[in-house]
Structure formats: C-alpha cells, structure tokens
Amino acid sequence: MTREIETARLVLYPWRPTDLDEYARLLADPDVMRYITHEYGPLSYEEAKQAHARILRLWDERGFGAWAARRHPASVRGSWA
C-alpha cells in the first residue's frame, strides 16, 4: 500500500532511502537551518545521514512519522517576469 497524501500543489509521503542526498543538502544550508534550529546550525552529511536513518527507523517501528514533501507534478507551471 502506498501511503501518500496529495493536494493540488504537494505530495506528502513517508521518507525513502533515496531522499537522503536532498535532505543532507537542505540540512547543510545555513539559510535553511536558521529556521529549523538555532542550536546546531548546518549539519554535515554524516549527521544528516544519522537523522535520516532515525526518520526511516521510526516509520518502520511505528508505521507513521514525519512526512517528506515534493511538488505535485500537476502544480508545476511556467513562469514569466
């Protein structure tokens, strides 16, 4: 069973192993991390890998957890300036 929640603009889904690199890129960005935590700042790839592993483990153990999000393919539109 695929567990996804779709809106007109987003698709929410349980984290996958393939999400690690994008997650690590976000957690390494100081501009992103200043809104997530003021304690730690940007994380290394290894720290992000450990955090990602915890997210995956909690989904496996509990059957629920934090959701990952991506743009809904139907919401992508051209832009102009």
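Trainee: Which residues have the most contacts inside the largest nonpolar core?

Mentor: This is a predicted model, in which local features need pLDDT of at least 70 and side-chain atom pairs count only at pLDDT 80 or more, while totals for chains, interfaces and linings use all residues. Residues are numbered from 1 along each chain as its sequence is written, and side-chain values use heavy atoms, with hydrogens and water left out. A nonpolar core is a set of buried Ala, Val, Leu, Ile, Met, Phe, Trp, Tyr and Cys residues joined through side-chain atoms within 4.5 Å, where buried means under 20% relative accessible area, exposed over 50% and partly exposed in between, with a 1.4 Å probe and protein chains only. The largest such core has 13 residues, and those with the most contacts inside it are Trp15, Tyr23, Leu27 and Ile55.

Trainee: Which element gives the largest share of this core?

Mentor: Helices (H or I, at least four residues) and strands (E, at least two) are taken as DSSP runs numbered from the N terminus. The elements that give two or more residues to the core are α1 and α3. The largest share, 5 residues, comes from α3.

Trainee: Why do the buried residues of α3 line one face of the helix?

Mentor: The buried residues of α3 are Ala48, Ala51, His52, Ile55, Leu56 and Trp59. Seen down the axis of α3, they fall within an arc of 135°, taken from the directions from the helix axis to the C-beta atoms, and so they line one face. On the other side of α3, the exposed residues include Asp60, Glu61 and Arg62. The answer to your question is therefore the arc of 135°.

Trainee: What covers the buried residues of α3?

Mentor: Helix α3 itself runs over residues 45-62. What covers its buried residues includes β2 (10-14), α1 (20-27) and β3 (67-71).

Trainee: With which residues is Leu27 in contact, leaving aside its neighbours within four places in sequence?

Mentor: Contact means heavy atoms within 4.5 Å. Leu27 is among the residues with the most contacts inside the largest nonpolar core. With neighbours within four places in sequence left aside, Leu27 is in contact with Met33, Ile36, Pro42, Leu43 and Ala48.

Trainee: How far apart in the chain are Glu4 and Arg70, whose pair links distant parts of it?

Mentor: A salt bridge is a side-chain nitrogen of Lys or Arg within 4 Å of a carboxyl oxygen of Asp or Glu, and the count by this rule comes to 4. The side chains of Glu4 and Arg70 meet in one of them, at 3.4 Å from N to O. Glu4 lies in the segment before β1 (5-6) and Arg70 in strand β3, which places them 66 residues apart.

Trainee: Which residue forms a salt bridge with Glu22?

Mentor: Glu22 is partly exposed, with a relative accessible area of 42%. The closest N and O atoms of the pair are 2.5 Å apart, and the partner is Arg25.

Trainee: Is His72 buried or exposed?

Mentor: His72 is placed in the segment after β3. Leaving aside its neighbours within four places in sequence, His72 is in contact with Glu6, Thr7, Ala8, Arg9, Leu10 and Val11. At 16% relative accessibility, His72 counts as buried.

Definitions and conventions:
The expected span of a helix is 1.5 Å times one less than its number of residues.
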